[in-house]
Structure formats: C-alpha cells, structure tokens
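Trainee: Hi, I'm new to this one. Could you walk me through it?

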Amino acid sequence: MVDKPLTLASNDFELFAVPARFAQDPAALDARWKELQREAHPDRFAAQGVAAQRQAMQWSVRINEAYQRLKHPLKRAAYLCELAGAPINAENNTAMPADFLIEQMQWREALDDASSEADIARLLEQVNQARVGALQHCEELLDVRHAPDQAVGQVRAMMFIERFSHDVESRLDDFQNPPADMAGTTGQAT
Amino acid sequence: MALLQISEPGHTPNPHERRLAVGIDLGTTHSLVAAVRSGVAECLPDEEGHVILPSVVRYLDGGRREIGRQALRALAQDPQNTVASVKRFMGRSLADVADREHLPYQFIDKPGMLALQTAGGEKSPVEISADILATLRYRAEDTLGDDLVGAVITVPAYFDDAQRQATKDAAKLAGLNVLRLINEPTAAAIAYGLENASEGVYAIYDLGGGTFDISILRLNQGVFEVIATGGDSALGGDDYDRALAARVAEQTGVALTTASDKSAFSMAARACKESLSKQDSATFSALLGEQTITQRVARAQFEQATTALTARTITAARKALRDAKLVAADIKGVVMVGGSTRMPQIQAAVGRFFDCEPLNNLNPDEVVALGAAIQANQLAGNRPDGDLLLLDVIPLSLGLETMGGLVERIVPRNQTIPTAMAQDFTTYKDGQTALALHVVQGERDMVADCRSLARFELRGIPPMVAGAARIRVTFTVDADGLLNVSAQELLSGVQAQIDVKPSYGLDDGQIAKMLQDSFSTAQSDMRSRAIAEARLDAERLLLATQTALNADADLLAADEREAVLAVMQSVREVLGSDDPAVIEAACKALANGTESFAAMRMNRGIRQALAGKNIETI
C-alpha cells in the first residue's frame with residue numbers, strides 16, 4: 001500500500017492509507033490525522049529554518065484538507081465521484097427528479113409554517129432521516145454497485161438536504177437564542 | 001546557588017545546545033513571563049520577587065517611562081499619561097472603542113489603529129505593548145543568563161487577524177523572535193492537561209481583565225485538539241469594575257467629571273471587587289480630590305449589578321458547545337483561567353451551566369504563561385521527541401465581499417489551522433480587467449457587520465465577456481492564525497497577493513521607524529543587535545541543517561550533498577561579518593539550497609508515520 005511514494009499530490013485516501021471507498025471508520029481517520037500531523041505540523045519544525053517551515057506548512061495544510069474531506073460524508077462522496085471521473089458540477093447541473101423537488105418544496109413550506117420549537121424539531125428529525133437514507137443509498141452505489149455516475153445524483157440530493165437542514169438548524173437557534181442576543185460579536189453592549 | 005542538573009538516561013543535553021525560550025502571557029491587566037528550567041515550567045520573578053507585571057506604562061517627558069508596578073502607582077494621579085489595559089486597543093480603530101468617552105486618554109484617530117497622545121509623545125498600542133514585552137524579555141534574559149532564541153506569546157482565542165498581527169508586531173518591536181502565537185485557553189489546557197495527565201473533553205473558561213474566551217478541547221495522548229472556540233473580545237474583569245463603580249456613583253450621587261476621579265473610582269471598584277471574592281460585604285473607598293467617598297457594598301448587590309455580564313459569558317459558552325456539537329454533559333471538567341474567575345458568582349454560574357465543579361488547582365493568573373513556556377520549550381527544539389501536539393482552530397470565519405455587500409465565507413470558523421481554502425469567482429462586466437477584493441472576518445452575513453481586514457486589487461485580467469474569467473482566491477491561515485490572501489486569474493495566470501497587514505497592522509517600514517524612534521535604542525545598539533540576531537539565526541540554521549544531514553543524508557545523491565555542504569560553508573564564512581545583510585543573504589541561499597532536501601525529509605517522515613501504522617494494524 002505504501003509502495004507508491006507519497007507526495008502533496010497523492011489523493012486523500014492514499015495520504016490517509018485507507019481504502020478508496022465511501023465506508024470509513026471515523027475513529028481510524030481521526031487517529032491517522034493526528035499521526036500525520038505529528039510528523040508534518042509546522043510546530044515540529046519551528047527551530048529548523050524557513051525551508052523546513054514552508055514544507056511543513058504545505059504538508060500540514062494538505063493533511064487538514066484531506067481530513068476535512070474524508071470525515072465529512074457528503075464531501076467524501078463527492079470526492080469519490082470526482083476521482084472516478086464523474087464530477088458533481090453542482091453549479092451547472094441542478095436537474096433533480098420531480099418527486100425529490102416536490103419533497104423539498106413541502107419541507108420549505110413546513111419550515112415557513114413552523115410556529116414552535118417542537119414543529120421545527122419534528123422537521124429536523126424528518127430531514128435527518130432523509131439524510132441517513134441518502135447516505136446509505138450513496139454507500140451502496142459507490143461501494144457495492146461501483147456506479148459513481150449514478151451516485152452523482154445522490155450526492156446532489158444530499159447537498160440539497162444539507163443546505164436545508166442548515167436552514168432548519170438556524171431557525172431552531174433563533175427559537176433557542178433570540179436574535180437580539182449578540183453575544184459572541186465584538187460589539188460592546190452597555 | 002545553581003543546582004546540578006541530572007538528565008534522563010539517553011537524554012544528556014549539550015549545555016551549549018540548550019535553547020532558551022520563554023512563554024509570555026501579555027494580559028490586559030497584567031503580564032507574566034515563564035520558562036521551563038530543569039524540566040519544570042515556572043514564572044520568572046523580577047528583582048523584588050514579583051512574577052506579575054502590571055500591564056501599565058506611564059510616559060513622561062524626555063523619553064522617560066515607567067513600566068509595571070511603578071506606573072500602576074501613578075495611575076490615579078496621572079491617568080492621561082498612564083496607559084492601562086492597552087490590550088483593548090490592539091489592532092483597533094478609535095470607532096471600535098465603545099467606551100472611549102469614559103476613558104481618561106487623549107486618543108488620536110488614525111486609519112487602522114488608534115494612537116494615544118502622552119507626555120512622551122504619540123504612542124501606538126503596539127509600542128506600548130512592546131514596552132511591556134521588552135521589560136519581560138530583559139527580566140528573562142537576566143534571570144536565565146543568556147539571550148532568548150524566541151518566545152511563545154499568548155493571545156485571546158477570540159482575537160481577530162488585526163489583533164494577532166498587532167501582537168506579533170509588538171513582539172518584533174521588543175526584539176523578540178516569535179516562535180508562535182498561541183491561544184490563551186489552549187496554553188492553559190497545556191499547563192493543566194500535562195500537570196494532571198487528563199484525557200477527554202474539557203472546557204476552558206477564561207475571563208481575563210478585558211477579554212472573555214471559551215474553548216472546548218479534546219485531550220488525548222498529548223494531542224490538544226481545539227474543537228470549538230468562542231467568546232467576546234470586549235468583555236472582562238474591567239467591565240465588572242466599571243459596573244460596580246457606576247452602581248456606587250449612582251447610589252452616592254457622585255458625578256465623576258475629571259479623568260483622575262474616574263480613575264480613582266475604578267481603582268476603588270477593583271479593590272472592592274477583590275474583597276468581595278473573599279467576604280460577603282466590603283467597603284468601597286475612593287479619594288476624589290479632598291473628599292473621600294465610602295460606601296458599604298454587599299456581595300449580593302455587586303452580583304446583581306453584574307448579572308448581565310456573567311450571563312453573556314454563559315451564552316458564549318452555550319454557543320461554543322453547539323459549534324462543537326456537544327452538550328454540557330459531555331464536558332469532563334471546566335478549567336478556570338484568569339483572575340476574574342475568582343469571583344464567586346462566576347464559579348457558581350459556570351458550575352450550574354456545566355453541572356460540575358470548576359477546576360481551580362492551578363493559579364489562574366499563572367496557568368497561561370506556564371502553558372506557553374512548555375510550548376516554547378518544545379518549539380525551540382529542546383524536546384525533539386516531545387509528544388505534545390497542538391491542533392488549534394481559527395476563531396472567526398474569513399470571507400470576501402460580494403455583490404450587494406454580502407459576505408461569501410471562504411474559511412469557516414473552527415477550522416483546524418494551518419489551512420488553505422480557495423473559491424472561484426468571475427467578472428460581472430464585459431471587458432472587466434480588474435477585480436477589487438475586500439477581505440472580512442466575522443460571522444454575520446453583511447459586510448458592514450463584519451471586521452474589514454484588507455482590500456486589494458487583482459489587475460491585468462485580459463478582457464473577456466462577463467463570467468468567462470476564472471479567478472481563484474486562496475485564503476491561507478498559518479499556525480499563528482494569521483491570514484494571507486492570494487488571487488489568480490486561471491486562464492491568463494495573472495496573480496496578486498497580500499499579507500493581510502497594511503490596512504490594520506503596521507507594515508515593516510512603520511516598524512523600522514518605530515524601532516528608530518525608540519529612545520531606549522541608540523543607533524549603534526540597533527546595529528549590534530541586528531548583527532547579533534543575524535548571527536544567531538545563521539547558527540540556528542546551520543545547526544538545523546547539520547541535524548538534518550546527520551539523520552537523512554542518505555536521501556541525497558553525492559553531488560546534492562556537496563551542494564548543501566557548500567552553501568553551509570558559505571554561511572560559516574560570513575558569520576564574522578559586520579554586515580547583517582551579508583549574513584542574511586547567505587542564510588537565504590542556504591534556505592533555498594536546502595528546499596528540496598527539506599521536501600524529501602518531509603516525505604520520508606510522512607511515509608514512516610504510515611509504515612508504522614501499517615505494521616501495527618497487520
């Protein structure tokens with residue numbers, strides 16, 4: 001597995017020495033991330049001159065980038081499709097099946113109509129179920145059926161779900177912390 | 001009374017190779033310097049035995065200045081020229097200082113960062129901080145008996161790019177080589193975690209004089225991973241003093257008109273607050289001119305006057321937990337940092353929210369400096385096999401202004417650093433040849449609500465139809481949390497780049513000028529210091545290269561090895577030179593000449609990390 005020399009251009013899976021598939025063990029990724037950073041982090045080279053610092057910075061950045069992509073299921077799926085020559089092209093290709101779009105519209109309406117924290121929590125639960133379903137489907141398309149070109153559609157669907165669940169969460173935040181509460185900004189409330 | 005040192009078997013340090021590095025807590029109300037000596041981190045005292053240096057500088061005419069305790073004594077009598085809590089002004093413009101009417105200073109509104117008019121002339125917050133840092137540097141050099149190779153300086157986790165850059169500039173001005181800026185709560189976690197061999201998820205609640213930070217960290221086998229960080233860079237113990245002073249002024253009907261009255265009142269408030277941490281009621285006593293104001297204050301009254309402040313810290317803690325996707329029950333312990341956490345209402349509020357007893361077993365005033373010293377010692381290379389690894393995050397999102405004054409987020413907050421993230425943009429007009437980029441930091445959607453960090457332009461884009469150009473903007477955040485932005489038009493290759501510095505920080509020219517203006521630094525001193533520093537750098541670089549050769553010379557072909565040895569030799573030949581530029585040029589040649597060797601070594605290191613793992617798993 002390690003025969004091929006690692007370079008900054010190695011892909012994320014090679015860099016983390018894990019099989020190039022959707023199913024991953026988060027704990028193993030986390031452990032590997034820390035192991036790699038132990039070798040490459042600029043702190044390890046703080047006393048070693050500019051050239052070593054520059055190298056360390058590049059490697060450390062690359063390792064963090066790969067870790068972000070590998071640990072996040074949606075990013076990982078998109079990356080796998082891309083590696084397999086089936087890019088997502090999220091900006092240019094937004095064609096989705098009609099029933100999926102209808103479900104999206106119903107969700108949006110439900111969010112607009114939600115008047116209590118419980119309403120939103122219920123919606124969030126539905127969205128989470130849809131997410132789990134989409135992830136499972138994605139795993140099957142990528143790891144079992146080896147059909148990245150079909151997985152692309154599933155990844156796009158997950159991107160919709162992700163964006164929507166973000167909106168739901170921020171509505172939930174509004175309920176839990178009214179927007180008048182400005183803690184965390186650098187402004188001074190006196 | 002030097003003690004004989006005994007080292008661990010196999011770790012005999014060569015005394016000449018031991019590199020002195022310190023940790024500095026540059027605090028709002030006070031500052032400390034600490035170092036690892038004989039394997040133990042400790043704060044270094046001044047001649048009178050005090051480890052705490054009040055962060056107060058008084059400027060007098062003729063270039064005289066008083067720093068620390070002496071300046072603090074003059075605070076009430078000469079408030080205009082005696083600068084306290086200067087940290088609040090670092091990287092800040094006048095408009096940012098919300099309570100400026102209540103402060104006794106003569107502010108000067110300057111683009112980027114404000115300045116103060118004093119009897120000693122105009123002073124920027126960077127210069128004032130540099131005076132504090134230089135005092136600590138001299139203290140460390142006197143105590144340790146040698147020059148420092150560098151320092152780790154702590155900043156609030158919630159400091160933005162401008163505030164971090166200002167801190168680094170101040171260190172440079174004080175003649176310190178900054179090994180790393182690290183976040184205060186992270187430093188506290190290092191001191192605390194190593195002391196107690198803790199594992200698990202901890203919260204660090206850090207209420208300093210002028211800033212509040214909350215960080216959630218995972219501690220695991222020497223790795224300190226910051227999961228989320230939050231806080232408020234304009235909330236601290238000083239606000240509690242002010243709230244108490246305002247309450248007493250209201251109760252007694254005293255109108256505070258002069259600067260010295262205000263100053264006397266806030267000092268009285270601080271003393272009263274500190275007493276209230278130990279007893280249920282205390283006497284507030286301030287001397288205003290001829291008149292002494294006294295008032296009995298019950299702790300309950302004080303707590304009531306400051307409830308809103310305490311609540312703000314808990315709201316920030318809740319937000320950090322949510323960012324970490326955790327709940328209070330996941331937190332194994334809360335480490336309390338900063339003298340202000342001695343207030344009983346803070347201890348109680350934290351205990352209630354996290355449902356556990358706050359951890360207080362290290363001195364909350366010293367814990368940050370101690371952690372910084374441990375990190376400095378490791379960064380200086382004194383523990384080559386040290387297993388401490390810090391994985392910190394960026395506290396605030398970074399983005400660019402897009403059409404309509406909206407922010408496009410490029411680097412989201414709580415991203416592990418160092419990091420580089422890119423986003424592609426395009427032109428919106430036919431034949432557009434330039435693109436203005438406005439870099440902002442903050443969590444709000446509108447540019448107007450975020451902090452503006454820098455503006456720059458990408459010029460020379462070949463004329464194309466609207467939307468055809470592909471401009472990739474890359475944000476790179478280094479391990480100090482400092483940002484660099486570059487932009488490139490991908491079809492033509494036109495590039496622009498900026499260290500996010502000129503708009504809010506000081507450029508190198510300004511720093512050079514400040515160094516020259518500094519009364520304490522005569523021209524000849526500057527030159528000899530520059531030569532000494534260049535030599536030190538060169539020796540460090542030679543040593544590092546030699547160490548690298550000893551370990552991995554087999555990576556190089558014979559001619560490559562010769563080439564490295566040759567550039568090393570040319571550095572050695574100029575070591576005796578009186579011209580720092582000559583030494584620096586030779587060092588630069590050495591750095592360039594070893595670039596590919598460094599790359600090969602890095603690859604080997606990474607491969608070894610993987611190989612080790614594979615053997616384990618087989």
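Mentor: Let's go through the model in a few steps, from numbering to strands, helices and the chain contact.

Trainee: What should I know before reading residue numbers?

Mentor: Residues are numbered from 1 along each chain as its sequence is written, and chains are lettered from A and ligands numbered from 1 in the order in which they are written. This is a predicted model, where local features need pLDDT of at least 70, side-chain atom pairs count only at pLDDT 80 or more, and totals for chains, interfaces and linings use all residues.

Trainee: Okay, is strand 13 of chain B mostly covered or exposed?

Mentor: Mostly covered: six of the eight residues in strand 13 (200–207) of chain B are buried. Buried is when 20 or more other C-beta atoms, placed from the backbone, lie within 10 Å of the residue's own. Strands here are DSSP runs of E with at least two residues, helices are runs of H or I with at least four, and both are numbered from the N terminus.

Trainee: Which strands does strand 13 of chain B pair with?

Mentor: Strand 14 (residues 212–220) of chain B pairs with strand 13 in the antiparallel sense, over eight bridges. Strand 18 (residues 333–337) of chain B runs parallel to strand 13, and five bridges join them. Pairing requires at least two bridges found by DSSP between the two strands.

Trainee: Switching to chain A: at what angle do helix 3 and helix 4 pack?

Mentor: Helix 3 (residues 49–71) and helix 4 (residues 73–83) of chain A pack at about 100 degrees, with axes 5 Å apart. Axes are lines fitted to C-alpha atoms, for helices over the stretch in contact, and angles run from 0 to 180 degrees between N-to-C directions. That makes helix 3 of chain A roughly perpendicular to helix 4 of chain A, a label for angles of 65 to 115 degrees.

Trainee: Which residues meet there?

Mentor: Gln68(A), Arg69(A) and Leu70(A) of helix 3 meet Lys75(A), Arg76(A) and Tyr79(A) of helix 4. Contact needs C-beta atoms, placed from the backbone, within 7 Å.

Trainee: Last topic, how many residues does each chain bring to the contact between chain A and chain B?

Mentor: Chain B brings 44 residues and chain A brings 37. Helix 15 (595–617) of chain B is one of the elements supplying at least two residues to that side of chain B, and helix 15 gives the most, with 13 residues.

Notes. Parallel < 35°, antiparallel > 145°, perpendicular 65-115°, else oblique. Contact = placed C-beta atoms within 7 Å. Buried ≥ 20, exposed ≤ 12 C-beta atoms within 10 Å, placed from the backbone.
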